[in-house]
Amino acid sequence: MGKRVPLHAGATTKILMAYLPEDSIRQIIANGLQSYTKYTVCDPDELLRELAVIREQGYSISANDFSLGGMGIAVPIQDYTGNVVAGLSISGLELRMSKESDRLVWLCQQAAFEISKRMGSR
């Protein structure tokens, strides 16, 4: 609790970053992208492409970019205005999660849909 994490490394933080306004994303990138592992995306253009893919597919899968051996799957949660206000995620060891990633994405999407619906999202 209370730990700060970067927006450009990790599934949940990338979900949150992907749905920010473009000028906010550019400001974050301008402040510099620190590397946490050799898999952390630190190239601004590559990160922008990844964020576009996340918005297009509606979920984020992240492996080894914040901690080696770790994997996360995250989906957005929307409020009554349709804005993304949170992310729902699961995380664990890449070794265990990677084989089940399609099913885990689906489960996360179903849970996020129910939460969003309760928050008034259509």
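**View 1. Helices H2 and H3 pack with their axes within 11 Å of each other, crossing at roughly 145°.** Axes are lines fitted to C-alpha atoms, for helices over the stretch in contact, with angles from 0 to 180 degrees between N-to-C directions. In this predicted model, local features need pLDDT of at least 70 and side-chain atom pairs count only at pLDDT 80 or more, while totals for chains, interfaces and linings use all residues. Residues are numbered from 1 along each chain as its sequence is written, and side-chain values use heavy atoms, with hydrogens and water left out. H2 spans residues 22–30 and H3 residues 44–57; helices are DSSP runs (H or I, at least four residues) and strands likewise (E, at least two), numbered from the N terminus. Glu22, Ile25, Arg26 and Ile29 of H2 meet Pro44, Leu47, Leu48, Leu51 and Arg55 of H3 (contact: heavy atoms within 4.5 Å).

**View 2. The largest nonpolar core contains 13 residues.** Such a core is a set of buried Ala, Val, Leu, Ile, Met, Phe, Trp, Tyr and Cys residues joined through side-chain atoms within 4.5 Å, where buried means under 20% relative accessible area (1.4 Å probe, protein chains only). Met17, Ile25, Ile29, Leu47, Leu51 and Ile54 touch the most other members. Helix H1 (11–18), H2 and H3 each supply at least two residues of this core.

**View 3. Serine 62 lies in strand E1, residues 60–63.** Serine 62 is buried, with a relative accessible area of 4%. Leaving aside neighbours within four places in sequence, serine 62 is in contact with Gly10, Ala11, Lys14, Gly70, Met71 and Gly72.

Methods
Buried means under 20% relative accessible area, exposed over 50%, partly exposed in between (1.4 Å probe, protein chains only).
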